[in-house]
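I opened my notebook to record a few things looked up in one protein model. Here is the structure I worked from.

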Amino acid sequence: MSSASSEARLETSAPPSVEGLGGGRQWRRRARTRAKLLAATRNLVAERGLAAVTMADVTAAAELATGTIYNYFPSLEDLLSTLVYAEIDSVGDRLDRVAQFTDDPAEIYAASLRLLVRHALSDPLWGRIYVKLGVAHPIVVEVLGPRCRRDLERGVKAGRLDVVDLDLAVICTFGAQASAINLVNSGEGREELAEHFAEHMLRMVGVSVEDAREIVSRPLPGLD
């Protein structure tokens with residue numbers, strides 16, 4: 001199977017953990033090796049993109065014996081799926097924490113958007129993975145979709161956001177988010193892009209110009 005097709009067939013289920021691989025010294029050794037393989041994969045993806053990574057490349061970059069990788073990841077699809085799920089899910093956890101520092105649904109929506117763009121600015125690998133997967137990829141939909149819908153629903157119920165069609169609003173948010181992150185990937189990204197993007201998205205869901213500008217000027221407590 002080619003690398004390009006591997007990129008398109010990443011699995012959607014949560015990746016397997018190292019639990020159940022044994023205890024003590026053996027477990028720690030296997031956990032270190034697995035982490036080393038994932039780190040090598042991450043570096044290669046950052047350098048070449050998802051479609052240009054092979055199992056042999058990862059093994060060589062990790063400086064491990066040929067065939068070792070198959071003791072941890074039976075296929076390239078499994079390896080990339082594990083990496084991608086970890087990357088997207090870690091951001092999902094941060095989005096959950098956003099909702100803990102304010103009661104304003106509009107601020108929660110904007111803060112989540114700002115966080116994602118800032119994450120792409122600080123971690124180019126994550127940004128490239130997000131754009132390459134596409135907004136309709138099962139992992140993106142599974143991990144980030146419910147959070148986007150949750151934030152929009154809270155805003156509508158509180159009368160803070162004006163959304164005619166919730167499904168369409170989620171799709172528009174995802175599409176615009178991917179486009180903003182793609183702009184970051186192109187080298188045109190700048191720190192204020194996160195705030196400008198969030199301001200425009202707030203206006204899309206019915207927040208006034210003045211209010212939107214004030215909201216995106218607020219700090220992101222504990223997240224910056």
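**Ground rules.** This is a predicted model, where local features need pLDDT of at least 70, side-chain atom pairs count only at pLDDT 80 or more, and totals for chains, interfaces and linings use all residues. Residues are numbered from 1 along each chain as its sequence is written, and side-chain values use heavy atoms, with hydrogens and water left out.

**Entry 1: a helix pair.** I looked up how helix H2 (residues 24–48) packs with helix H4 (residues 76–98). Helices are DSSP runs of H or I with at least four residues, numbered from the N terminus. I found an angle of about 85 degrees, with the axes 10 Å apart. The axes are lines fitted to C-alpha atoms over the stretch in contact, and angles run from 0 to 180 degrees between N-to-C directions. So H2 is roughly perpendicular to H4 (65 to 115 degrees counts as that). On the H2 side, Arg34, Leu38, Thr41, Arg42 and Val45 make the contact. H4 gives Leu79, Leu80, Thr82, Leu83 and Glu87. Contact means heavy atoms within 4.5 Å. I sorted these residues into five nonpolar, two polar and three charged. Here Ala, Val, Leu, Ile, Met, Phe, Trp, Tyr, Cys and Pro count as nonpolar, Asp, Glu, Lys and Arg as charged, and the others, Gly among them, as polar.

**Entry 2: valine 45.** Next I picked valine 45, found in helix H2. Is valine 45 buried or exposed? Its relative accessibility is 1%, so valine 45 counts as buried (under 20% relative accessible area, with a 1.4 Å probe and protein chains only). Not counting residues up to four places away in sequence, valine 45 touches Leu50, Val53, Leu80, Leu83, Leu125, Arg128 and Ile129. I checked isoleucine 129 too: it lies 84 residues from valine 45 in sequence, but 8.3 Å away in space, C-alpha to C-alpha.

**Entry 3: glutamate 199.** I found glutamate 199 in helix H9 (residues 193–204). Glutamate 199 is buried, at 8% relative accessible area. Leaving out residues up to four places away in sequence, it touches Val209, Ala212, Arg213 and Val216.

**Entry 4: the cavity.** I counted one cavity of 30 Å³ or more. A cavity is a set of points on a 1 Å grid over the protein atoms alone, where a 1.4 Å probe fits but cannot get out; lining residues have an atom within 4 Å of a point. The largest cavity holds about 150 Å³ of space. Its lining has 13 residues, and Leu113, Leu116, Cys148, Thr173 and Gln177 lie nearest its centre. Helices H5 (105–122), H7 (138–157) and H8 (166–188) each give two or more residues to that lining. I noted eight nonpolar, three polar and two charged lining residues.

Definitions and conventions. Buried means under 20% relative accessible area, exposed over 50%, partly exposed in between (1.4 Å probe, protein chains only). Angles under 35 degrees count as roughly parallel, over 145 as roughly antiparallel, 65 to 115 as roughly perpendicular and the rest as oblique. On a 1 Å grid over the protein atoms alone, a cavity is a set of points where a 1.4 Å probe fits but cannot get out, and a pocket is an open set with protein on both sides within 12 Å along at least five of seven lines; lining residues have an atom within 4 Å of a point. Grid points are joined across faces, edges and corners, and a volume is the space filled by probe spheres set on the points.
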